[in-house]
Amino acid sequence: MSGFRQSFSGFWSARNKREQNMLTAAAIVIVLGLLYVLLIDPALSGRKDLEKSLPALRQQAAEVQALSKEAAAAGTGTSTAPVPPMTRESLEASLASKGLKPQTLTLTGELAKLQLNAASFSGMVDWLADMQRTARVSVVDAIIEPQSQQDTVNATLTLRQQKPE
């Protein structure tokens, strides 16, 4: 480092005042040029690119929001067809279509309580998902006891049909 400093001092002292001023000005121009090329120009061009893409990104965000609102509306079951009321016969028929036979089934007002003994757990879950989709029936209370045989449970379910909004 000291050798470089000595050689630079020798080089600098060999120059007259006018050459030193010109070399200083040239060094300043080079440093400013490098700062512009390395720091300022990329920031400015990146900003221009972002300004160009911003309207398209806003449009995409609006489309995503519209699609999410549409999906939320579809998920809440806002269908135009009315859902038939939950009856003993409709529950027994839907259970039978999934191979389930209730031990007991009682309807009181807007609630239905059913007990399944030695029922297939996966079949029961499929039936509940189907009832939620098609008849807007939700589980209010569930007591599920696993049995020794795989995929077999005893379940007591209390169901309520959601009223259309």
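First thing I looked up: is Arg133 buried or exposed? Arg133 is exposed, with a relative accessible area of 62%. For the record, I call a residue buried under 20% relative accessible area, exposed over 50% and partly exposed in between, using a 1.4 Å probe and protein chains only.

**Ground rules.** This is a predicted model, so I ask for pLDDT of at least 70 for local features and 80 or more for side-chain atom pairs, while totals for chains, interfaces and linings use all residues. I number residues from 1 along each chain as its sequence is written, and my side-chain values use heavy atoms, with hydrogens and water left out. My helices (H or I, at least four residues) and strands (E, at least two) are DSSP runs, numbered from the N terminus.

**Salt bridges.** I count one when a side-chain nitrogen of Lys or Arg is within 4 Å of a carboxyl oxygen of Asp or Glu. Side chains of opposite charge can pair when their charged atoms come close. Searching the whole structure, I found four salt bridges. Arg133 is in one of them, paired with Asp130, and their closest N and O atoms are 3.5 Å apart. Both residues sit in helix H4 (residues 121-135), three residues apart, which is about one turn of the helix.

Next I checked Arg47, which forms a salt bridge with Glu51 at 3.6 Å between the closest N and O atoms. These two are four residues apart in helix H2, so about one helical turn separates them. Arg47 is exposed, at 56% relative accessible area.

Then I turned to Arg160 and Glu110, whose closest N and O atoms are 3.1 Å apart in their salt bridge. This pair links distant parts of the chain, 50 residues apart: Arg160 is in strand E4 (residues 152-161), and Glu110 is in the loop between strand E1 (104-108) and strand E2 (111-120). Arg160 is partly exposed at 33% relative accessible area, and Glu110 is also partly exposed, at 39%.

**Helix packing.** Two packed helices are described by the angle between their axes and the distance between the axes. How do H1 and H2 cross? The axes of H1 (residues 2-13) and H2 (residues 17-75) come within 9 Å and cross at roughly 125°. That makes H1 oblique to H2; under 35 degrees I would write roughly parallel, over 145 roughly antiparallel, 65 to 115 roughly perpendicular, and the rest is oblique. Phe11, Trp12 and Ser13 of H1 make the contact (heavy atoms within 4.5 Å) with Gln20, Leu23 and Thr24 of H2.

**Record check.** I looked in UniProt, where an unreviewed entry lists residues 21-39 as "transmembrane region". Its positions are in the numbering used here, feature names are shortened, and annotations may be inferred rather than shown by experiment. In the model, that span is 100% helix and 0% strand, with its end C-alpha atoms 27 Å apart.

Which non-glycine residues did I note with positive phi? Ala118 has phi near 50°, lies in strand E2 and is exposed at 57% relative accessible area. Arg136 has phi of about 55°, lies in the loop between H4 and strand E3 (137-146) and counts as buried at 13% relative accessibility.

Last entry: Ser94 of helix H3 (residues 88-97) is buried, with a relative accessible area of 13%. Leaving aside neighbours within four places in sequence, I found Ser94 in contact with Trp127 and Met131.

Key. Axes fitted to C-alpha atoms, helices over the stretch in contact; angles between N-to-C directions.
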